[in-house]
Structure formats: C-alpha cells, structure tokens
Amino acid sequence: MRVVIVGAGVAGCVMARSLARLDGVEVACLERVARDDRSEAGTGLNVGPNAVKALKLTDPDLAEAVTQASFAWTSWRISLTDGTELFRLKLEEVTDNSGWRIRWSELYRVLREAAGATVHYDCAISDIGRDTSDPRKTTIAWMQDGKMRTIDKIDLLIAADGRYSGVRRAISGKPDIRHTGVAISRVLVPDTSNGLIDDYEQWFNGPKRLLAFRVPPDHIYIACAFPIAADADILPHLKTPEALRAAYTPTNAPPSAQAQWMIEQVCANVADTHWARMQEHDALYRAADCNVLYLGDAAHGMVPTLGQGATQAIEDAAVAAQLITQRHSQGRSDVASWPKDIEALREKRMRFVMEFSLAATDTMLEGADPISGTKHKTAAPFVNRLKALYNDIGLPLTSP
Ligand SMILES: Cc1cc2nc3c(=O)[nH]c(=O)nc-3n(C[C@H](O)[C@H](O)[C@H](O)COP(=O)(O)OP(=O)(O)OC[C@H]3O[C@@H](n4cnc5c(N)ncnc54)[C@H](O)[C@@H]3O)c2cc1C
C-alpha cells in the first residue's frame with residue numbers, strides 16, 4: 001500500500017511515524033523546507049491537555065519526547081494591565097493532565113526526528129492530481145536535488161500541509177477565509193523578567209490583549225492582540241513602538257510590573273515581531289471522490305484564542321493514526337472507507353472546537369468589555385465547555 005503525506009509539520013510527522021510502522025505500507029512524507037529550517041523559531045505554543053492526552057494514549061514515547069522539550073502548562077490567569085486579577089484557573093480543576101509550553105521550532109525538531117527517514121526535505125511540489133489508472137488514487141510530482149520525481153497510484157494521500165494547503169486547493173478547491181477582526185503578533189525574547197512571567201497568562205487594556213508564557217530553554221513568548229476592521233490590513237502605524245505602548249498602557253493607573261516589562265519588550269522588539277490576522281476556514285476532512293485525507297490546519301482553520309491549532313493537529317493525527325492502524329491490523333484494506341470513518345470521528349468535535357475558540361475571542365473584539373467577558377468565563381457554561389475541550393478527545397476508539 002502506498003501512502004504519501006504532504007507536509008512534515010505537526011500532523012504530518014505524527015502520521016508519518018505511526019504509518020511507517022505498519023507492515024506492507026510504504027510511506028513518504030514530502031516537506032517543502034530544508035531539514036534545518038528555523039523559520040518558526042520566533043514562536044511559542046501552548047499545546048492543550050487534550051493533545052497531550054491523545055498522544056500519550058497513542059504514542060507514549062513521542063509524548064514523552066515532547067514533554068522533555070517543554071514546560072508543563074498548568075494554569076491560566078487573566079488580569080488587566082493595571083494588575084487587577086479577573087480569572088485564575090488551575091488546569092487540574094478541569095482536566096487530569098497538564099498541557100505543554102514549547103517553542104514551535106523545538107516541537108518541529110522533536111517531531112521531525114521522530115518521523116525519521118520517512119521525511120524527504122526540500123521538496124518543491126509541482127503537480128497533484130487524480131491518477132489516470134484509477135480515479136480514487138492520486139499522483140504527485142516534485143523537484144528535489146535538481147531532479148523531477150513522481151509517485152503515482154497513491155492509495156492514500158494525506159494533506160498535512162498547513163493553513164494554505166496546496167493539496168486541498170488542488171483537489172477540493174480553495175476554502176473561504178473569514179477574518180475575525182483581530183490583529184495578532186508574536187515575538188520570543190530572552191527571559192529578563194526575574195520571575196515575573198512563567199505560566200500562561202493574559203492581560204487586557206480594554207479589548208487589547210497581551211499574552212505571555214515562559215518556554216524552554218529560557219525565553220518568554222509574548223503575543224499582542226488588538227481589534228481591527230474584519231477585512232482591513234494591519235496598517236504599519238499600528239505596529240510601531242509608540243502605538244503598542246499606548247495600546248497596552250492603562251490610562252487610569254500605572255501598569256503592573258508584569259505589564260510594564262512586557263510593554264518594554266514588545267516596543268524593543270518590533271523588528272522581530274511577526275504579524276497575522278485572526279481567521280477561520282471551514283472544516284473538511286476528506287475529498288469527495290478520491291482517497292485524500294485532510295488533517296490539521298489543512299482540514300480546519302480556527303482562531304488561536306484557546307491554543308487549539310497545533311493541539312487539534314495532534315488530536316487529528318492521533319485519531320487518524322489509531323483508526324488506520326486498527327483497520328490495517330484487521331486486514332481491512334478498503335482505503336476509501338478510512339477518510340470517511342476519520343471524518344465521522346472528527347467532524348462534530350471540530351465544529352465544537354472552532355465555535356468555542358471563536359466564542360472565547362469575544363473579549364478581543366472592538367468595543368468588548370474584558371471585565372464582564374472574563375467574568376462570564378468563570379461561570380459553569382464556559383467551564384463545562386472547557387472540560388469538554390480538554391477531555392473529550394474521541395480516544396480510544398471503540399471496536400468497529
Ligand atoms: C500566531 C500564532 C499563534 C499560534 N499559537 C498556537 C498555540 O499557542 N497553540 C496551538 O495549539 N496552536 C497555535 N497556533 C496554530 C498552530 O501553529 C497550527 O495550527 C499548527 O502548526 C498546525 O499544524 P499542521 O500540522 O496542520 O500544519 P503545520 O504545523 O503548519 O505544518 C505544515 C507543514 O507543511 C509544510 N508545507 C506547506 N506547504 C507545503 C508544500 N506545498 N509542500 C510540502 N510541504 C509543505 C510546511 O512547511 C510545514 O512543515 C498558532 C498559530 C499562529 C499563526
């Protein structure tokens with residue numbers, strides 16, 4: 001059986017490692033960047049307890065390797081930038097394991113090492129299409145080391161090529177993108193806070209929000225967010241140190257020591273700051289008429305408010321790898337049914353995660369009041385949804 005995975009990011013590496021263990025399955029994972037690419041070095045990720053749980057159940061060795069490269073995410077605190085605390089949650093109140101705090105580049109390093117020789121780097125894909133011999137199968141062509149290469153008669157093509165998935169565009173069309181009306185930046189700085197910043201926290205000045213946490217080895221990840229018009233670009237004057245200082249400095253009280261330190265860091269590091277607009281696109285787990293499975297950001301685009309992008313890429317891959325492993329061990333090689341079964345396991349869950357992530361963005365929208373919005377996050381409906389988010393991962397599969 002021939003499986004091709006496009007993209008050695010979060011979902012792609014987890015899948016490549018699992019599927020390469022199956023007898024009689026030939027796996028190639030094609031990655032665009034070079035082996036030592038560091039383009040995501042400037043970002044930290046908080047990965048939810050639900051992903052940790054899913055990976056521990058399906059690939060405990062890999063979960064342990066990620067744990068070794070991360071700090072535990074155990075609490076969530078929300079304050080105003082003047083220091084007034086609004087919300088404090090120990091994750092153990094809503095789930096029985098912690099999440100991870102990790103540099104994005106470290107997560108990629110660990111996952112790519114674990115996926116080993118199945119990953120082929122520096123692949124420039126030039127063509128993806130249906131195979132002429134069997135329309136359920138696909139074919140792919142790419143340039144690598146100056147040579148054009150192809151794989152045809154692919155039994156299962158897995159698109160794990162991220163938010164702007166070329167596979168999804170080629171096979172199922174371009175998804176519609178919905179902008180949420182929030183600008184978001186990210187920067188990673190050395191920890192000079194003397195212990196002011198550690199576990200996951202957010203600070204509001206009106207709807208303008210700072211977020212920070214410490215990641216190994218000794219860095220602090222800071223993300224700024226503020227409202228913009230939904231279809232507007234982030235104008236250059238909004239990214240200047242003056243604008244950022246004004247955005248996060250409270251008007252009626254001095255900033256807390258934490259906020260002061262972050263404002264100084266944000267202003268001093270504008271040149272290294274990456275900007276994006278919060279956006280969503282509809283979930284799609286499979287192609288209608290051929291054996292193509294979409295996972296991670298290729299399958300769904302959600303706003304990053306609850307830290308569920310990489311988290312769901314891991315959950316997707318854990319569920320998909322477990323299902324395929326189970327079917328394969330039972331000799332059920334009807335590949336066309338696998339994407340359908342994975343979609344059935346993931347579709348409703350993903351609708352919930354996307355809706356919840358968007359609903360939790362309420363305090364960052366134009367005109368929002370973070371005090372009443374955060375108070376609402378201490379009430380049972382929000383806390384119960386958080387419990388569902390962190391615990392209902394759809395694993396282990398029940399017997400077919
Ligand atoms: C500002 C910001 C903050 C975020 N914070 C968090 C957070 O705190 N927690 C969290 O869980 N998530 C977070 N996310 C989201 C998270 O990073 C993504 O959801 C996650 O990386 C998706 O994983 P994936 O496997 O689908 O794709 P990716 O990890 O993006 O991997 C895709 C891979 O495919 C490769 N690729 C792309 N095109 C091609 C091609 N044509 N050919 C070959 N290879 C290709 C890419 O190089 C990459 O290696 C954040 C995102 C942003 C932008």
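**Note on the ligand site and some local features**

1. Of the 30 residues around the ligand, those that come nearest are A11, E31, N46, Y108 and D297, where a residue counts as near a molecule if one of its heavy atoms lies within 4 Å of it. This is a predicted model, in which local features need pLDDT of at least 70 and side-chain atom pairs count only at pLDDT 80 or more, while totals for chains, interfaces and linings use all residues. Residues are numbered from 1 along each chain as its sequence is written, and side-chain values use heavy atoms, with hydrogens and water left out.

2. An oxygen atom of the ligand is 2.6 Å from an N or O atom in the side chain of Y108, an oxygen atom of the ligand is 2.9 Å from a polar backbone atom of A310, and a nitrogen atom of the ligand is 3.1 Å from a polar backbone atom of R32. The ligand taken alone exposes 990 Å², of which the protein buries 89%; these accessible areas come from the Shrake-Rupley method with a 1.4 Å probe.

3. The elements that give two or more residues to the shell around the ligand are α1 (10–19), β3 (44–47), α4 (104–115) and α8 (309–329), and α8 gives the most, with four residues. Helices (H or I, at least four residues) and strands (E, at least two) are DSSP runs, numbered from the N terminus.

4. Helix α2 (residues 49–58) and helix α3 (residues 60–68) have axes that come within 5 Å and cross at roughly 135°. In their contact (heavy atoms within 4.5 Å), L55, K56 and T58 in α2 meet P60, L62 and A63 in α3.

5. Two backbone features deserve a look. The peptide bond from P216 to P217 is cis, with omega near 0°, and P217 lies in the loop between β15 (208–215) and β16 (219–227). K153, in strand β11 (residues 147–154), has a positive phi near 50°. Most residues other than glycine have a negative phi, and most peptide bonds are trans.

Key
Polar contact = N/O pair within 3.5 Å; in protein donor to acceptor, adjacent residues only side chain to side chain. Axes fitted to C-alpha atoms, helices over the stretch in contact; angles between N-to-C directions.
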